[in-house]
Amino acid sequence: MANSDTMAAPAALAAGPRGPKPKRRMSRGNIMVYGTLLVFALYYALPLYVMIVTSLKGMPEIRLGNIFAPPMEVTFEPWVKAWSQACTGINCDGLSRGFSNSVRILIPSVIISVAVASVNGYALSMWKFKGSEVFFAILMIGAFIPYQIMLYPIVILLREAGLYGSLTGLVLVHVVFGMPINTLLFRNYFASIPEELFKAARVDGAGFWAIFFKIMLPMSLPIFVVSLIIQVTGIWNDFLFGASFTGPDLYPMTVQLNNIVNSVQGVKEYNVNMAATLLTGLVPLTIYFVSGKLFVRGIAAGAVKG
Amino acid sequence: MALTDATDTGQNIPVQKPKRLFKNLASKIAAIPMVFTALVIFVGGTVWTIVYSFTSSGLLPRLKWVGLDQYERLWNSRKWLVSIENLAIYGICSLILTLVIGFTLAALLDRKVRGEGALRTIFLYPFALSFIVTGLIWQWILNPELGLQSVMRGIGWESFAFDPLNNSKLVMFGLLIAGLWQGTGLIMCIMLAGLRGIDEDIWKAARVDGIGTVKTYIRVIIPMMRPVFVTSLVLIGSGIVKLYDLVVAQTSGGPGLSSQVPAMYVMTSMFGGQNLGQGFAASTMMLVSVVIILVPWAILEFGGKKRG
């Protein structure tokens, strides 16, 4: 595409820079490239824009009609209302309850699942035992099986353990279903660490846990961050497990958000709905924009090899 | 790793056998959560559900054998048939469009465009959001009275009509717009990584031979990226079968039955309708569809490697 420009370059160089600076002309191909990219960029970016603008307008302004217009009068009332007063049909204390539930689910789930997955990956790459590969294969196949088929047996297991409907139960479910992808991630990472390092430590008499904590952990900070990103966004965005394994008082934010927006009672307050939606999306969005390349690495590692 | 392999050679000597269980003990203990998950939850849970799908379980699971009755009922239920049809429409469109859009965007970004980083950020951010958030955003944008339709009418296009969420024929496409918005970024990312892995010399050779850009992509680059396409296909495919949250948020399965999907059928019969047997049978059918997607892929990926 840039062909014509580069062809002319040697001649121009030989003559030395003279005359007015040449204007960058857009070739027809370039217009196509940038045009298409721009159209798609609008498709992806506009919903976020619409969401923000809507959440800052008052209802009278929204009823006037243009969802793309910036707010004439900025108001934060919808945000306050979404956080502390919005109704789900059962209670009217806003998203704050869902937020605190989500945090209480998120923190233990993430810590336990990353810890378990890192130990799994370490055992699978450095301390293989008979059958370890078989268990790993089952784990990987499990990641593709529709969760619905395992839901009811889990309900029974949790009920037997007295954990059905509790946050602890949901945390365990997240640990179980986060295991395949994160184990894979750690296994591949540890497999890339030179074997000599492991052997040297063995010769020095270090055992399973000593090698893990003293040698492997300090070396694998980046992969821990990647795994953390996968788990935080995955667990925060979960709807299925939250709706199946908890009750109304313990619903995570996504479930509560859905109940607020899709509740049939009363007049629809679109600005409050959009503020609530944004609030729920804020955690993963922040992680995405802050972590940047690591996020991409995380999903690529998970996706390409998974 | 070689340490454990060494013990296998001593397999024939019976005296060493009791020792082998305790060999590598720490590793085995550490793997207990994984073994439990794999065997009890993944294998056990799946087998349990399949077994109980042949029983008359209603409010509670019970082992009263009824053979294929549940499946017969399932395939005679209009709701299930509509769900399958909806998923097929959504699935085929989503598969083709995700691949096309994902590849096109990746190829365009790979043309050394300015602001690649910013564009990539824009294309990928929806993937960080949940399906619930995605569904609710698009429910609002596609709102007929205040959303896109009214804006288009407001700027003078009076006859503009685009109200997919309230039209039983178009509702799956309304979901598709949202689904593509959320998911294409990921495929673009994978495709871009694939394109970056292709040797620059290929491009030079194509240029020397005077092959046009588009033709090079179709004839040379895409065939070279077969593994990337296969991975994308598997990812998109297994995602389509799981389609649930998006529908719940955006349309709740309506209008009427027109956006019902299999996963929703499972959830309503298991947790809403107290009709466990139907839920089990339907989720077994979901598993079957995933197997149909995965087995050819596994044969291609792993069967091929052994022969090659």
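Domain bounds here come from an automatic or database domain assignment. On that basis, chain B is divided into domain 1 (2-52) and domain 2 (70-307). The model is predicted: local features need pLDDT of at least 70, side-chain atom pairs count only at pLDDT 80 or more, and totals for chains, interfaces and linings use all residues. Residues are numbered from 1 along each chain as its sequence is written, while chains are lettered from A and ligands numbered from 1 in the order in which they are written.

## Chain B overall

Chain B has 16 helices and zero strands. Helices (H or I, at least four residues) and strands (E, at least two) are DSSP runs, numbered from the N terminus. The chain is more spread out than a compact globule, because its radius of gyration is 25 Å, well over the 19 Å that the globule rule gives for 308 residues. That radius is taken over C-alpha atoms, and the rule is 2.2 Å times the number of residues to the power 0.38. Along the principal axes, the C-alpha atoms of chain B fill a box of roughly 90 × 65 × 30 Å.

Burial is a neighbour count. A residue is buried if 20 or more other C-beta atoms lie within 10 Å of its own, exposed if 12 or fewer, and partly exposed in between; C-beta atoms are placed from the backbone. Of the 308 residues of chain B, 41% count as buried. In chain A, 42% of the 306 residues are buried. Chain A holds 15 helices and zero strands.

## Domains and contacts

Two residues are in contact if their C-beta atoms, placed from the backbone, lie within 7 Å. In chain B, residues 24 or more positions apart account for 68% of the contacts with a separation of 6 or more. In chain A, 76% of the contacts between residues at least 6 apart in sequence join residues at least 24 apart.

The assignment for chain A gives domain 1 (23-75) and domain 2 (96-305). The table sets out both domain pairs.

| Chain | Distance between C-alpha centres | Contact residues, domain 1 | Contact residues, domain 2 |
|---|---|---|---|
| Chain A | 34 Å | eight residues | seven residues |
| Chain B | 38 Å | four residues | four residues |

On the domain 1 side in chain A, α2 and α3 (59-64) each give two or more residues. Helix α2(A) gives the most, with four residues. That side divides into four nonpolar, three polar and one charged. For these classes, Ala, Val, Leu, Ile, Met, Phe, Trp, Tyr, Cys and Pro count as nonpolar, Asp, Glu, Lys and Arg as charged, and the others, Gly among them, as polar.

An unreviewed UniProt entry places "domain: ABC transmembrane type-1" at residues 99-291 of chain A. That span is 80% helix and 0% strand, with its end C-alpha atoms 22 Å apart. In chain B, the UniProt annotation "domain: ABC transmembrane type-1" (unreviewed entry) covers residues 84-297. Residues 84-297 of chain B are 74% helix and 0% strand, and the end C-alpha atoms lie 22 Å apart.

## Where the chains meet

The contact between the chains takes 73 residues from chain A and 74 residues from chain B. Helix α2 (residues 28-55) of chain A gives the most to the chain A side, with 13 residues. By class, that side has 52 nonpolar, 20 polar and one charged residues.

A:Met150 sits in helix α7 (residues 148-160) of chain A. It counts as buried because it has 25 C-beta neighbours inside 10 Å. Leaving out residues up to four places away in sequence, A:Met150 touches B:Ile41, B:Phe42, B:Gly45 and B:Thr46. Helix α4 (residues 32-52) of chain B bends by about 35 degrees at B:Gly44. The bend is the angle between axes fitted to the seven residues ending there and the seven starting there.

## Backbone details in chain B

A cis peptide bond joins B:Gly254 and B:Pro255, with omega about -5 degrees. B:Pro255 lies in the loop between α14 (245-250) and α15 (262-272). B:Ser252 is also placed in the loop between α14 and α15. B:Ser252 has a positive phi of about 55 degrees although it is not a glycine. With 16 C-beta neighbours inside 10 Å, B:Ser252 counts as partly exposed.

B:Lys112, not a glycine, has a positive phi of about 55 degrees. Its loop runs between α6 (78-109) and α7 (116-128) of chain B. B:Lys112 counts as exposed, with 9 C-beta neighbours inside 10 Å.

Notes. UniProt positions are given in the numbering used here, feature names are shortened, and annotations may be inferred rather than shown by experiment.
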